[in-house]
Amino acid sequence: MTDNNPDGGVAVDLFVLDDKLAKIRTQINSKLENQKHLAIILSAVEENIEEQNNEKTPVAYFVSFLSLLDQCIRDDEIVDGTLAATTAYFLDIVFPFTPKALLKSKFGDILAKLAPPLTLPEAEAPLVRSTIGALESLLLAQDHQQWVASGNISPKRALLGLLELSFDPRPKVRRRAQEAVHNILTHPPASPSPTHVAAPVAGDVSLNKLTSLLQESKKHQKNSNKEINSQIIHCLQLITSITSANAWPANKIERLCDILLEISKTSDQYLVSSAFSAFEGLFKSMNNIIDVEKFTNILDIIFDLKPSINDAHLAASWLAVVAKALESFATLSPEVCLEKLPSIIPVVSHFLSSDSKDIYESSSQCLIAIVSETIPDNFLLQPSATNGITGEIYEKVDDVITFISEHIEHELLSVKYQHAVKEILELITAIILKLRTRVNPDFLGILGIVGEWRTNEKDSFPFNKEAEDVISAAISTIGPQVVLSVLPLNLTGGDQPGRAWLLPLLRDNVRFAELNFFKSSIFPAVEFFENKIAEASNKQSMHIKIFQTIVDQIWSLLPHFCDLPKDLTSAFDDAFAAQLSDLMYSRVELRTPICHALRLLVESNVACRDGALESDLLIQEELPIKQANENLDYLAAKASNILSVLFNVFSSTLPDSRGFVLETIDTYLQIVPKGDLEETFNKVCGLLKNAMDEEAHAAQPQGKKSETPKLSITMLDLIVAMSKYVPESSHNALFSIFSATVPLQNNALMQKRSYRIISKLAETDEGKQSLLKFIGEIENVLIENTETTHSSARASRLNAILLVLELLPQSDLFFIPSIVQEIILSTKDVNERTRELSYQILIKMGHKMAEGGVVENGRVPGFDAETPSSEASLTEFFTMVSAGLAAQAPHMISATITAISCLVFEFKDKLPIDMLLEIASTVELFLTHNSREIAKSAIGFVKVEVLSLPEEMVRANLSELLTKLMRWSHEHKGHFKSKVKHILERLIRKFGVEVVEEAIPEDDKKLVANIKKTRNRAKRKQDAEEAETSAAGPEKKFVSAYEEALYDSDVSDDEMEEDEVDDNSSRNKKKANQYILKTGDEPLNLLDRQSLAHISSSKPKKFSKASVNKSDFKTKNGKFVFNENDEEEDPLAGKGSGVDAYLDAVKQAPVRGQRNKLKFKKNKSNDDNFSDDEEPERPSKASSRDRVLGKNKISKPKKPLKSRKKL
């Protein structure tokens, strides 16, 4: 590390120091005062050095700044704090480059000058921080003899000062001191001991400080003193700095672990995190083989401190520490760690029997981490001299795997751990995925137990997903053959239970399996079920649908068994290939899975050959790259026959459904031998010629178009697919096909495919060489067929032109002016892809012309043969494009302006200012054109001009530009007005309102005023929002949701009377209210099971003294008497006659409503009559108007107010 190199003064270091000081010198004109002050002080010191005729060496800087620091501090008082901080900053830079001998010989004097800034209470943080850096460099320069010396002025005393500063309340000072301690302990002086001499001192100080803080914390436990917690965290950070330097004293490790685990009990997550950091620093620092014994002692200490399995505070933390410790130990000594696993796993797994869910989940995660991190992947390989795995290591791993499997099978899967079944299944899944093929045969018993749990559906096993994860992991690691030997499918009947649920698991997890197993054990079931389906009388029955689903699932397995099969050369024989071919011909629905399988056979082996699986050591062991090459050679021998079948299938498949067939063809074209490919290509070319001849002489079909494509189009599709892979000898035929099919203007599909030949050839180096060889003929074909290209083939043609331009030699630059008109017109094409390609071609043309060369104008169609040639340049190209501005058609003029806009934006930095001015003035003239199409493109150019061109150029022409532009500011069609306004906004942002207002015509200044007003309004709104945000106080918070429900209310108690109705009911309907009923003086206990009875979804009625009328209660002989008035009891009392009473009774009688419930008819006069399934009727709006509402409540009128007509 250059900054703390104790040997400073080396020539290389001088360059580093000069570089650092040079950066400071450049800040002499900085706007920041602190940077400028540094540069001024450095300049003054350097002038002083030059006046004394000394060289600017590290020693000269060192002496100058040290004496300057001495001047800043006199009589234990800082005279100039800013100068002192600046001087200390330079000392921090210079000290690492000062010769080590000088720092050793003058240690006492230097320390005396550095001590005051560290001890004086008024010293500010920047001064202290820089002085710590200087002191660090000073201590790093001392040798072993000085470190062991005793006295008041010694390195140990200086280190004690740094340790005290490690507890400083100022964060940056504290962090810098801890970093200094770490660096000093990491670089011990040369001595017989590998650890630093001062390590015991640092350990004692930090541990004693931590102990005292913990004792103080226990005294203030009730008050939960945050300040003490912060100090404990600072102390733990210092301990982490010491432990990560591998400097913690061995005799204090047990005490440290005990204290750290004690801290881990706390609920403060920051304390726990800091304790774990200290543990991690302790573990990671031991990275040398000599630390194995020390690490073993630490592990023994940690396991001696094992808490109770139900200790909710400490157990989870202890398990996390164990996982971290074993992970680091495995990195240090994997073999020793492996030997310890049989004693560690039972201890950790015992926590799975805990009653606490958090604890047994932590135990499961700890076991997963132990198995995943402590067994290296290379230990799972077979013994070999090449991989370094001996027979002893292999046996050790085998013993550990056997122990783990027996422990899980006989212990963890017992009734004792039934509450943690889910976690145990997750553990088994992780172990199988880690150990891969090595779990066979030890884990087969476990697999059988889990499989039975999943199969037995009568018991409703709750963890089917986890059980399926275990089986899936087994399928992907030990293979389907082993899994199905333990858990057979039993699809065809019998006494054993069927396991059709395994089929989806097989589909998702089979890879690197044996194809022969699929052929012999799974595939025959297809014939069985198809016979059942054929024999069934009712094809729509449920059983038949289930049978068909099973058949489909079995077919979906085929591609996955073909994904890197182990036995490809023996399983994929001619008979099986012929069977698949027959099925593709006869069964259209099977073409997709079969083509997928054929494609995966090649793709998986190609990926393996190219090293995609190089990191997977186990697969590399079973299937090395050599075998993948042999598999590809075997498939290449059959590729010709497979391609013939695929070609036939492709021809008989509808165009919309044959993309997957073309992908499979492309895969086999990669591996087919060149000779066979050339022969196949010639056959397809012959078929194409015959098909084109037949279609040329055949009569055109009348009426509806046939869904089956023409044979010529199909053959050309195959030729396009093969063009990328055919040998160079066949390229001549390819270009002949290209020349013959491009002019077919009545056959857009043929044109589109023929242009793709160029695109495919350009994808390979051989193809590019052939394109260069035939580029003259290709250019002529492209130029001659400019007018005959169909609009749907335009994008394919432009793509071919772009590729030709990339290869265009400088001798053929006439090709650019020959096709530039077509490219310009394509910028206005309807197809977005065509427009994008046209822009790319224009830019590519510009770059080609900028490279230089000669444009032979005599070879351009329409030009005289004797037209003189011109030098290729960017200016010449712009002249070519600008010629379109003289066209008669508005469409051509508009397209030319669009093309110029694109080119100006791309090449604005390469064009001369005169050229830019000429282009801008010419295009601006078209702003006055009456054609909206032309004006629209011209406005687009103006936008590019405003954004891209030099500011001075736009400013000089601003008045004339705005005069022409504002002509369209009143046109609403085509968004002209909004576009003009947007350009004005850009100009105002660039030049300011005054400049634009001065240049704009008088009649249009109101638009500028409108923009200004809009901007001011937006700014005021933004300022108001910011002010509102800052002024708004913090929201009222509650400790719990219960308190929020209880106390949080916007309505006063007086406003919550039952007879008051809130008119904003529509707002309140949005959230369901819940109310707590009064429970007397006792608070509601929400943990009580009966608490739900005290919570109501409707508002409880609140009685007040005012709501109880005196007439409601009467006394008689000292007792309450209720409703003595018989007239009020009888609803029929007071009726004139019996008929009236009968009619009134009928009116009040209940009727049957929804769900056969009784409903009483409601009367305005009788509010007490309500149905048994409805709430009481709310008071009418008419009566609510007369009520006195609460504060700040305004009632809504019954009907909306109508505005009165003016008299």
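**Entry 1: helix 33 and helix 35**

I looked up how helix 33 and helix 35 cross in this predicted model, and the crossing turned out to be right-handed. Helix 33 covers residues 659-669 and helix 35 covers residues 711-723, and I noted that the two pack at an angle of about 40°, with their axes 10 Å apart.

I then asked which residues of the two helices make the contact. From helix 33 I wrote down Leu662, Ile665, Asp666 and Leu669, and from helix 35 I wrote down Leu718, Ala721 and Met722. Sorted by class, the contact of helix 33 with helix 35 has 6 nonpolar residues and 1 charged residue, with no polar ones.

**Entry 2: helix 13 and helix 15**

Next I turned to helix 13, which spans residues 253-264, and helix 15, which spans residues 292-304; their axes come within 10 Å and cross at roughly 40°. That angle makes helix 13 oblique to helix 15, and I recorded that helix 13 passes helix 15 in a right-handed crossing.

Which residues of helix 13 meet helix 15? I found Ile253, Glu254 and Cys257 on the helix 13 side, and they meet Lys294, Ile298, Ile301 and Ile302 on the helix 15 side. By class, I listed 5 nonpolar and 2 charged residues for the contact of helix 13 with helix 15, and no polar residue.

**Entry 3: cysteines**

I also checked for disulfides, taking as the rule a pair of cysteine sulfur atoms within 2.5 Å, and the count came to 0. As background for this check, I kept in mind that a disulfide is a covalent bond between the sulfur atoms of two cysteines.

Are Cys72 and Cys366 buried or exposed? Cys72 has a relative accessible area of 2% and is therefore buried, since buried means under 20%. Cys366, at 3% relative accessibility, counts as buried by that cut-off as well.

**Entry 4: the protein as a whole**

How many residues does the protein have, and what share of them count as buried? I recorded 1207 residues, of which 43% count as buried. Looking at contacts between residues at least 6 apart in sequence, I found that 68% of them join residues at least 24 apart.

Note on methods
Residues numbered from 1 in each chain as written. Predicted model: local features only at pLDDT ≥ 70, side-chain atom pairs only at ≥ 80, totals over all residues. Heavy atoms only, no water. Buried < 20%, exposed > 50% of the residue type's maximum accessible area, 1.4 Å probe, protein only. Axes fitted to C-alpha atoms, helices over the stretch in contact; angles between N-to-C directions. Helix = DSSP H or I, 4+ residues; strand = E, 2+ residues; numbered from the N terminus. Parallel < 35°, antiparallel > 145°, perpendicular 65-115°, else oblique. Left-handed = near helix turned anticlockwise from the far one by under 90°. Contact = heavy atoms within 4.5 Å. Nonpolar A, V, L, I, M, F, W, Y, C, P; charged D, E, K, R; others polar.
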